[in-house]
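Colleague: I would like to learn how to read a model of this kind feature by feature, with the criteria stated as we go. Could we take the general idea each time and then the case at hand?

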Amino acid sequence: MSAADELRGGNDQATSTSAPAVVPAADKPARSVSALARNEELARAEKMRREFTANVSHEMKTPLQVISGYAELMANGLVPPEDVPRFAQLIYEESQAMRALIDDVLILSRLDEATPGADEAEAVDLLAVAERVVERLSKLAADADVTVCLEAEPVIIQGNETLLKQMIYNLVENAIRYNREGGRVLVEVCEEDVPAGEGASGEGGVRIGIVRVNDTGAGIPADKLEKIFERFYRLEKSRSKELGGTGLGLAIVKHAALYHGGEVFVESEEDVGTRFTVRLPIG
């Protein structure tokens with residue numbers, strides 16, 4: 001064999017052994033699935049944000065139109081003097097509706113962005129919170145001819161007092177507003193044991209704080225129970241507008257409960273009443 005042949009043979013051997021075959025990384029499919037799931041989650045979140053923004057804009061449009069229209073009439077001297085107080089009252093009521101909506105939007109935005117436990121937790125007595133809520137809503141209850149009773153014991157949990165107060169307030173306010181004349185609302189605060197396997201994460205044998213709000217209203221149809229926690233969902237749109245609801249109250253209840261590592265349940269029977277139960281971990 002010539003030197004040239006030996007050289008060619010050596011090169012052939014070198015070529016065949018110098019570049020090992022490329023083996024795809026074993027975890028590449030897993031990474032692709034994970035990336036796809038993240039993209040889908042981001043797309044869902046973006047869709048929810050767009051829908052939320054559109055709903056907020058729609059909800060604000062009506063009170064703004066009323067305020068602007070009545071204010072323009074008054075500014076141009078087109079309102080008889082005897083009607084000025086009535087127009088001023090309408091403007092005030094619509095501005096309060098806008099304020100309530102903005103407050104609820106800000107609370108939900110905070111809950112959307114917050115990480116549970118990120119804030120400094122404090123010891124909160126649910127009994128004291130419920131007492132303040134019932135006292136604050138006493139006039140609304142009297143005007144609606146609804147009796148509110150509180151059966152409670154001290155229950156201390158670690159959490160955000162402002163959010164817990166808003167959660168209980170929304171439940172009791174709804175129970176009053178959507179009750180019947182001469183109706184009753186029972187607010188219960190207590191501690192209970194969770195049976196094994198029935199906790200939010202499958203845990204059991206632990207002590208939890210309970211907030212229950214029972215009413216004697218018209219009840220909620222069974223096929224609507226899952227929808228009532230959706231943002232801007234209204235069971236009776238015309239009545240909700242009449243009673244001043246923003247459509248965000250129960251969404252705040254749900255997210256406030258989740259923020260504290262808890263959960264909320266609803267049971268209802270038409271023409272009998274509704275019961276909301278919030279379960280919150282203690283400690």
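Modeller: Let us begin with pairing: two strands pair if DSSP finds at least two bridges between them, while helices (H or I, at least four residues) and strands (E, at least two) are DSSP runs, numbered from the N terminus. This is a predicted model, in which local features need pLDDT of at least 70 and side-chain atom pairs count only at pLDDT 80 or more, whereas totals for chains, interfaces and linings use all residues. Residues are numbered from 1 along each chain as its sequence is written, and side-chain values use heavy atoms, with hydrogens and water left out.

Colleague: How many bridges join strand 2 to strand 4, and which residue is the bridge partner of Leu150?

Modeller: Strands of a sheet pair through backbone hydrogen bonds, either parallel or antiparallel. Here strand 2 and strand 4 (residues 184–194) run parallel and are joined by six bridges; Leu150 has Val187 in strand 4 as its bridge partner.

Colleague: What is the order of the strands in the open sheet, and which strands stand at the edges?

Modeller: The open sheet has five strands in the order 2-4-5-7-6, with mixed pairing. Strand 2 (147–152) and strand 6 (263–269) each have a single partner strand, so one side of each is left without a neighbour in the sheet. On average, neighbouring strands of this sheet are turned by 15° against each other, direction ignored, the axes being lines fitted to C-alpha atoms, for helices over the stretch in contact, with angles that run from 0 to 180 degrees between N-to-C directions.

Colleague: And the helices: which residues of helix 3 are buried?

Modeller: An α-helix has 3.6 residues a turn, so residues three or four places apart point the same way. Helix 3 (residues 84–113) has 30 residues and reaches 43 Å from its first C-alpha to its last, close to the 44 Å expected at 1.5 Å a residue, where the expected span is 1.5 Å times one less than the number of residues. Its buried residues (under 20% relative accessible area, with exposed over 50% and partly exposed in between, 1.4 Å probe, protein chains only) include Phe87, Ile91, Met98 and Leu101.

Colleague: How many of the residues of helix 8 are buried, and what covers them?

Modeller: Helix 8 (residues 249–259) is mostly covered, with eight of its 11 residues buried, among them Leu250, Ile252, Val253 and Tyr259. Their cover, judged by contact (heavy atoms within 4.5 Å), includes helix 3, helix 6 (161–177), strand 6 and strand 7 (273–281). Just after helix 8, Gly261 takes a positive phi of about 75°.

Colleague: How many aromatic pairs does the structure hold?

Modeller: A pair of aromatic rings is described by the distance of the centres and the angle of the planes. Rings of Phe, Tyr and Trp (its six-membered ring) pair if their centres lie within 6.5 Å, and planes under 30 degrees apart count as stacked, over 60 as edge-to-face and the rest as tilted. The structure holds two such pairs. The rings of Tyr70 and Phe87 have centres 4.7 Å apart and planes at 65°, so this pair is edge-to-face; Tyr70 lies in helix 2 (residues 28–75) and Phe87 in helix 3, 17 residues apart. Tyr70 is partly exposed, at 26% relative accessible area, whereas Phe87 is buried, at 11%. For Phe229 and Phe276 the centres are 6.2 Å apart and the planes at 90°, so this pair is edge-to-face.
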